[in-house]
Amino acid sequence: MPHHMSAAKRMRMEREAIMTSVNGDGNGGNDNGDDQESGADRMSMAKSRKMLAAMGDSSGNPNSTGDGDGDGNGNDNDDNDNDDDGNNTEEEDPNAAAQSLLEQATKLKQSMTAAERAQASHKEEETRILKEASKVQTNALQAASELAQGVVYSKSLPTSWTCPRYILSQGEASWDKIRNNWHILVEGLDPPPPMKSFADMKLPKPILDYLDERNIKRPTPIQMQGLPVALAGRDMVGIAFTGSGKTMTFSLPLIMAALEEEVRMPLVGGEGRTSDQWGAYHSRTLARIGAADI
């Protein structure tokens, strides 16, 4: 290389040499017939491209050309420094970029100690609990119409139970008197009348006998009003103190529904259960559980 070669000419010659090496690597890969370049080839090409980019940046910087009176050793040293930087930055695993996020997460968990994994699991559990608590709090502040998400029922749940005629003939004045005597407060559209005995609710004799064996002689106030509402298929929110009989208020109508299903579609030995029969089976099982709890 001439002693007084200009910096621009020297840079042009270096650029051509790098381009030649890049093209040579690419042709070599094609001659070998490899569909994919090896990791070393990719690192070499990336290094060459980085050197080209560095030379492009230095060509626009007037301080990179030196003072013009030297032999270019200063620029050569800078190029060597760039080469060293390139080696330091490019010496990475070529397969690291090909890993998916799931693989990276799995590798990270495997590299964690037992204490770190336990801490991460505890943190995930806390996040889940806080999320559920936030959802419950949000739902508690929503009205029933918002929770229904547009679903509107225009009719009550159909049931075969009907209020006895002699109870209906008593009229609203008699019903209000019973409610006042037992401190029953009712709100809603056309609620069923309260009933002071289980026999008035038209419960089957086996259930009445079982209640009598359990020394359950008459319904409590929540049962006087709640049982007719549930037997009629109406929606209800019942509020009463602990031990007032709320559980039996909703379990007795379930037993009635299970018995009615058994009468409509009895199970015969040796036959398979259809989807409806599975419903009857579960209803009967639920009725037995409810009867055992009463």
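Colleague: Is R179 buried or exposed?

Modeller: R179 counts as buried because its relative accessibility is 7%, where buried means under 20% relative accessible area, exposed over 50% and partly exposed in between, with a 1.4 Å probe and protein chains only. This is a predicted model, in which local features need pLDDT of at least 70 and side-chain atom pairs count only at pLDDT 80 or more, while totals for chains, interfaces and linings use all residues. Residues are numbered from 1 along each chain as its sequence is written, and side-chain values use heavy atoms, with hydrogens and water left out.

Colleague: Which helix is R179 found in?

Modeller: R179 is found in helix α8, residues 171-181, a helix being a DSSP run of H or I with at least four residues, numbered from the N terminus.

Colleague: And what does R179 contact, leaving aside its neighbours within four places in sequence?

Modeller: With those neighbours left out, R179 is in contact with E172, I184, V186, P191, P192, P193, P194 and Q225, contact meaning heavy atoms within 4.5 Å.

Colleague: Switching to the whole protein chain, how many helices and strands does it have?

Modeller: The protein chain has 12 helices and zero strands, a strand being a DSSP run of E with at least two residues. Buried residues make up 20% of the 294 residues in the protein chain.

Colleague: What share of the contacts with a separation of 6 or more comes from residues 24 or more positions apart?

Modeller: In the protein chain, residues 24 or more positions apart account for 64% of those contacts.
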